[in-house]
Amino acid sequence: MDLLDTLTAKGLRGEVPTREEALAVLATTDDELLDVVAAAGKVRRRWFGRRVKLNYLVNLKSGLCPEDCNYCSQRLGSKAEILKYTWLKPDQAAEAARAGVAGGAKRVCLVASGRGPTDRDIDRVTDTMAAIQEADPEVEICVCLGLLSDNQAERLKAAGADAYNHNLNTSENTYGDITTTHTYADRVDTVKKAHGAGLSACSGLIAGMGESDEDLVDVVFALRELGSDSVPVNFLIPFEGTPLAKEWNLTPQRCLRILAMVRFVNPDTEVRIAGGREVHLRSMQPLGLHLANSIFLGDYLTSEGQAGQTDLDMIKDAGFEVEGAGEATLPRHRADVAAASSAASACGTAASACGSGGGCGPCGGHAHAPASEDTPASAAEDTDASDGELRSDLVKVRLRGAGTELAPNA
Ligand code: SF4
């Protein structure tokens with residue numbers, strides 16, 4: 001198939017496809033699916049070998065958010081029966097983080113619900129990062145606290161954060177349909193603030209909210225242009241008690257096509273399968289590893305994932321290996337861009353404003369040279385059969401780990 005040969009050749013060179021080519025990936029048929037996975041898998045292995053980076057979520061503050069993001073179980077007015085608690089103490093968060101690191105996670109993601117942090121919240125997170133790094137100095141820390149005000153990204157960077165997560169979620173055109181309390185431009189601004197402060201930018205999307213193929217392609221190209229180092233691909237978890245509870249729009253095949261498209265547009269960027277992996281990919285999860293080079297270990301913020309040991313077994317059984325603490329995630333040329341970005345921020349110039357397309361790479365370890373190269377094919381029925389129904393059998397609320405007395409899943 002000419003399309004896949006072209007995309008593979010571009011991806012192996014680190015080049016980005018055209019919008020039309022990205023749309024064509026989403027329009028391939030189920031008969032072509034394994035060819036699509038194989039083609040994008042070559043690109044994945046070119047830049048990331050067979051490594052899988054494990055990330056571990058610690059929900060520092062859960063529920064009771066004043067924002068109204070329709071997809072979120074923590075939103076204003078959510079009736080989802082999730083855990084609700086205010087800030088974990090540093091030692092509680094560090095204990096949860098330790099479980100993830102012991103399970104093989106290289107990065108800990110510290111997340112708090114809310115519109116954005118106060119300066120007091122930055123102090124709390126600073127104390128929490130210190131407690132985590134005291135126990136494990138090598139662990140990467142990504143912070144996710146919502147919209148940032150001036151100088152907060154710099155404070156987080158100075159306190160030892162490696163990365164900041166803030167997802168664009170969907171296209172600029174449809175953003176107003178999913179959230180009214182802040183804008184797409186607000187989100188872009190925060191990603192730029194984080195990037196400009198020398199933090200590695202982690203920013204991704206949510207698929208399955210009723211968006212079009214064009215919307216998906218728009219947001220993925222926007223993330224590429226923003227210089228996101230890590231692109232989490234979430235598949236909507238339709239929580240009972242939220243406005244999108246009946247939005248079952250995804251099939252495993254659709255999810256794989258989306259992951260392949262994201263990989264082709266971001267050949268040398270960390271692509272992470274995030275929330276909804278178990279719910280939507282189900283028994284097809286191992287094929288997702290041929291496309292993404294990163295997943296979350298264990299549970300999500302407010303929902304359960306499969307057992308951490310099952311994640312590890314899946315990686316091994318599929319012929320992949322967990323990325324070690326001493327290994328850099330991004331390929332060497334991206335790490336070089338990261339160094340330039342840090343230097344720019346150190347001299348007071350925002351990387352995003354000086355045309356740098358990259359971001360900070362993960363600290364510690366040595367950059368990988370690209371892995372060995374492999375040499376280098378109409379829309380399917382993509383709607384889930386359960387469209388329009390609640391699926392409480394698939395969506396399990398997290399009732400263990402952070403914020404509870406029960407052991408975390410890692
Ligand atoms: S701001 Fe974050 S926590 Fe609050 S409703 Fe939106 S996604 Fe959920």
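Biologist: What is Leu156 in contact with, leaving aside its neighbours within four places in sequence?
Modeller: Ile122, Val125, Met129, Val143, Leu145, Leu148, Ala161, Tyr164 and Leu199; contact means heavy atoms within 4.5 Å. This is a predicted model, where local features need pLDDT of at least 70, side-chain atom pairs count only at pLDDT 80 or more, and totals for chains, interfaces and linings use all residues. Residues are numbered from 1 along each chain as its sequence is written, and side-chain values use heavy atoms, without hydrogens and water.

Biologist: Which residues touch the most other members of the largest nonpolar core?
Modeller: Val58, Leu156 and Phe235, out of 99 residues. Such a core is a set of buried Ala, Val, Leu, Ile, Met, Phe, Trp, Tyr and Cys residues joined through side-chain atoms within 4.5 Å, with buried meaning under 20% relative accessible area (1.4 Å probe, protein chains only).

Biologist: And which helix gives the most to this core?
Modeller: Helix H10 (residues 252-265), with nine residues. Helices here are DSSP runs of H or I, at least four residues, numbered from the N terminus.

Biologist: Switching topic, is Ala96 buried or exposed?
Modeller: Buried, with a relative accessible area of 8%. Ala96 sits in helix H4 (residues 90-102).

Biologist: What does Ala96 contact, leaving aside its neighbours within four places in sequence?
Modeller: Tyr56, Val58 and Ala402.

Biologist: How far apart are the C-alpha atoms of Ala96 and Leu60?
Modeller: They are separated by 9.9 Å, and the two residues are 36 residues apart along the chain.

Notes: Buried < 20%, exposed > 50% of the residue type's maximum accessible area, 1.4 Å probe, protein only. Helix = DSSP H or I, 4+ residues; strand = E, 2+ residues; numbered from the N terminus.
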